[in-house]
Amino acid sequence: MSRAAVPGLPSRHPIGGLLPALYADDDFAQRFTAGLDTVLAPVFATLDNLPAYLDPRVAPLDFVAWLASWVGADDDPGWPAELRREAVVRAVELHRRRGTRRGLVERLWLTLGVNADVSGDGTAVWSRTAGADLPPEPTGEVVVRVWPGRDPEVDEGRVREVVRSLCPVHVSCRVEILPGPPADEGR
């Protein structure tokens with residue numbers, strides 16, 4: 001990321017006007033401080049607009065990559081700008097839902113534009129009644145069914161990569177790529 005001088009950018013705080021009266025008519029002092037104004041104008045412009053730099057919806061795209069590193073968001077330079085911005089905006093929310101069905105479905109939609117349905121519970125068993133027999137053992141497998149959404153094609157390798165990164169390590173996750181929504185989905 002590089003913020004450099006912007007040609008013709010005026011300084012909102014010209015140094016020449018702040019000099020004592022003795023230097024107000026000194027041509028050399030005014031030209032010297034004008035050179036400093038050229039160097040400092042981008043700094044002042046950045047500081048004056050700092051809230052906009054910290055908002056990924058309006059920040060310069062190279063700054064969005066830096067913001068993504070702050071919040072641990074995925075940032076792929078190959079993604080469209082709006083998708084990169086949305087990934088940073090929703091990073092905290094997605095981190096909070098990491099390891100859940102909803103988190104996996106939302107992450108697949110956000111980053112790959114695919115619809116998904118997650119079934120299975122990853123071998124979690126419990127009982128609401130103290131001292132009761134445990135429910136039968138679950139299959140221990142989570143099935144992630146994926147079908148096209150924003151794009152007509154599903155990149156199976158990237159889907160498997162996302163699922164592998166988000167499924168808890170003790171859970172077996174199987175991915176199924178479907179040509180369209182499941183019959184019971186009704187979409």
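## Salt bridges and a disulfide

R145 and E176 form a salt bridge, with their closest N and O atoms 3.2 Å apart. This pair links distant parts of the chain, since R145 belongs to strand β2 (residues 141-148) and E176 to strand β3 (residues 172-177), 31 residues apart. Please keep in mind as you look around that this is a predicted model. The count comes to 16 salt bridges, along with 1 disulfide. Here is a friendly tour of some of these contacts.

- R145 counts as partly exposed, at 25% relative accessibility.

- D48 is partly exposed, with a relative accessible area of 36%.

**A pair within helix α8**

- R160 forms a salt bridge with E156, and here the closest N and O atoms are 2.7 Å apart.
- Both residues belong to helix α8 (residues 156-166), and because they are 4 residues apart there, about one helical turn separates R160 from E156.
- R160 is partly exposed, its relative accessible area being 34%.
- E156 is partly exposed as well, with a relative accessible area of 36%.

**A network of charged residues**

- Side chains of opposite charge can pair when their charged atoms come close.
- In this model, salt bridges link R90, E93, R97, R102 and E106 in a network.

**The disulfide**

- A disulfide is a covalent bond between the sulfur atoms of two cysteines.
- Here the two cysteines are C167 and C173, joined with an S to S distance of 2.0 Å.
- The torsion about the S-S bond of C167 and C173 is about -105°, so this disulfide is left-handed.
- C167 has 14% relative accessibility and so counts as buried, the cut-off being under 20%.
- C173, on the other hand, is partly exposed, and its relative accessible area is 26%.

Key:
Residues are numbered from 1 along each chain as its sequence is written. This is a predicted model: local features need pLDDT of at least 70, side-chain atom pairs count only at pLDDT 80 or more; totals for chains, interfaces and linings use all residues. Side-chain values use heavy atoms; hydrogens and water are left out. A salt bridge is a side-chain nitrogen of Lys or Arg within 4 Å of a carboxyl oxygen of Asp or Glu. Buried means under 20% relative accessible area, exposed over 50%, partly exposed in between (1.4 Å probe, protein chains only). Helices (H or I, at least four residues) and strands (E, at least two) are DSSP runs, numbered from the N terminus. A disulfide is a pair of cysteine sulfur atoms within 2.5 Å.
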